[in-house]
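Here are my notes on the model you sent. They go point by point, with the criteria given where each term comes up.

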Amino acid sequence: MPTKRKRIYTTQESSAARLAAAIRPLAFKARSVEEWRAWRRRFRAAIVRELGAMPDPVPLRPEVLERTELPSYTREKVVFDSERFQSVPAWVLTPRGVRRGERRPAVMCLHGHGPGKDPLVGLGPNGEAVEDYQHQLACRLAERGYVTISPDWRGFGERQDDADWVRPGRDLCNVTYFADGYFGYHRLALQIWDGMRTLDYLLSRREVDRRRIGCIGCSFGGTMTTYLAALDRRIGTAVIVCYLSTLKDAVARANYCGAQYMPGLGKYGDIPEVAMLIAPRPLMIQVGEKDLCFTVDDAAPAARRVGRPYRVLGVPQRFSLDIFPGEHEIDVGPGLEWFDAWLKGDRPPPLTP
C-alpha cells in the first residue's frame, strides 16, 4: 500500500517543503572557467528576469543642500532623482586636501534597517554625534582618504513614510512592497535601481576615480552590497557584512521582509550564488560569531561556498572570509584594510572577464 503523503496546512511548513524539494538547476557546480562563464550568464539572466521591471532613467538633477567643513573631510548633503517619482538624499564625504584634477578611490556605504544614512556619517536624529553597529564607517573611510557616499534607501531616513499611513501592527517594509507591486515593481528591484543611480551620481563627481569603486554594508546594507556588486560591474570590490546566509535559514526563522527579499531565487539557487556573481572581483564576507540575526552556524558555511568560483578561476586571494568575535555589526579594521589592499596602489581592481 503506498505511503500516504502528509497534508500541509501552513505557509511555514509548505515553504520548508518546497525548499527541500527544489531542484535548483543553477546551483553553482562549475569546475572550469568555461563552465563558470556559462553558469554566470544563465544565473545572472535568471536574477534579472525575476527582479522584473525597472523605472525609466531620468536626468539626475543633482543639488547640494548643505556643506560642512570638518577637520578631515567635507560633508555634503546632496539629492538627485533616481526616477520620475523618486528622489534620493545622500551624504557625500570628501577628504580634505584633494588637489585640483586629483581623483580619489570611492566607497558606497550602505545602511541597514534603522534610521537610514545618518549614523554612517556619525549623526543622530538631532544632529548629535552617534555610533551604532555601523561604527561611523563613512567617516572612518573619509579620514583614510576615500570619497564616500551614503544614500537613504526607500522607506528609511528621509524617505520613510508617515507612521499613520500604515495601520497598527503592519510591517512598513511589507506595506511598501505591496504598494510598489500595484505598479508592477518588486521592492528590491527599485532599491537596486536607486543604488545604480547613486553610483551614476558618484561617478559624475570630478574627485572620484571611476576605476576604484568599493561597496560595503551590514544587514540590509549587506543585502544591497550583494545585489549591487553582483549586477553592476562598475563596483570593483565589496565587503558584505552580516548578511550572507541561506534560504533554508531564512525560511526556518522567517528572517526576511518586503524591503529586501529576492523573488524567485529558490527556483534557481541560493543566496551564496548571488554573491558568486561578484567573482572574480575582490570580495570580503564578514560574519559575527555572536550575530543573532544571521547566525554563524548558517552564515559561515554559506560564505565559504562563495569562495568556490574564486578557486575555479585561480584567484583565491581575491576572496576573504572574516569570522570575527562580534555581534550584528561591521568589523571595521579588516574592512578598511581590504579596501586599502584593492582600491589603493598602482593597479585598479580587476574587472570581470
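**Notes on the fold and some local features**

1. Helix pair H5/H6. H5 and H6 are roughly perpendicular to each other, a label for angles of 65 to 115 degrees (under 35 is roughly parallel, over 145 roughly antiparallel, the rest oblique). The axes of H5 (residues 187-204) and H6 come within 10 Å and cross at roughly 70°. Axes here are lines fitted to C-alpha atoms, for helices over the stretch in contact, and angles run from 0 to 180 degrees between N-to-C directions. H5 contributes Leu-188, Gln-191, Ile-192, Gly-195 and Met-196 to the contact. H6 contributes Phe-220, Met-224, Tyr-227, Leu-228 and Leu-231. Contact means heavy atoms within 4.5 Å.

2. Basis. This is a predicted model, in which local features need pLDDT of at least 70 and side-chain atom pairs count only at pLDDT 80 or more, while totals for chains, interfaces and linings use all residues. Residues are numbered from 1 along each chain as its sequence is written, and side-chain values use heavy atoms, leaving out hydrogens and water. Helices (H or I, at least four residues) and strands (E, at least two) are DSSP runs, numbered from the N terminus.

3. The sheet. In what order do the strands of the open sheet run? The order is S1-S2-S3-S5-S4-S6-S7-S8-S9, 9 strands with mixed pairing. The edges are S1 (63-69) and S9 (319-324), each pairing on one side only. Neighbouring strands are turned by 20° against each other on average, direction ignored. Two strands pair if DSSP finds at least two bridges between them.

4. Strand pairs. S1 and S2 (residues 73-83) are antiparallel over 6 bridges. They form a hairpin with 3 residues between them. Glu-69 has Thr-74 of S2 as its bridge partner. Further in, S3 (residues 86-95) and S5 run antiparallel, joined by 4 bridges. Val-92 is bridged to Ile-149 in S5.

5. Helices on the sheet. H6 (residues 220-231) lies across S4 (104-110), S6 (208-218) and S7 (237-241). Its direction is at about 140° to S6. H11 (residues 332-343) lies across S4, S6, S7, S8 (283-288) and S9, at about 165° to S7.

6. Thr-148. Buried means under 20% relative accessible area, exposed over 50%, partly exposed in between (1.4 Å probe, protein chains only). Leaving aside neighbours within four places in sequence, Thr-148 contacts Trp-91, Val-92, Leu-93, Val-107, Cys-109, Ala-138, Leu-141 and Ala-142.

7. Cysteines. The model has 0 disulfides, counting a pair of cysteine sulfur atoms within 2.5 Å as one. Cys-139 is buried, at 4% relative accessible area. Cys-173 is in no disulfide either: the nearest cysteine sulfur, that of Cys-257, is 3.8 Å away. Cys-173 is also buried, at 10%.

8. Met-54. This residue sits in the loop between H2 (33-51) and S1. Met-54 is partly exposed, with a relative accessible area of 29%. Not counting residues up to four places away in sequence, Met-54 touches Tyr-185, Ala-189, Ile-192 and Trp-193. Ile-192 is also among the H5 residues that make the contact with H6. The C-alpha atoms of Met-54 and Ala-27 are 26 Å apart, with 27 residues separating them along the chain.

9. Backbone points to check. The peptide bond from Ala-279 to Pro-280 is cis, with omega near 5°. Pro-280 lies in the loop between H8 (271-276) and S8. Which residues other than glycine have a positive phi? Arg-24 is one of them, at about 55°. Arg-24 is in the loop between H1 (11-21) and H2, and is buried at 18% relative accessibility. Cys-242 is another, with phi near 50°. Cys-242 belongs to the loop between S7 and H7 (247-253), and is buried at 2%.
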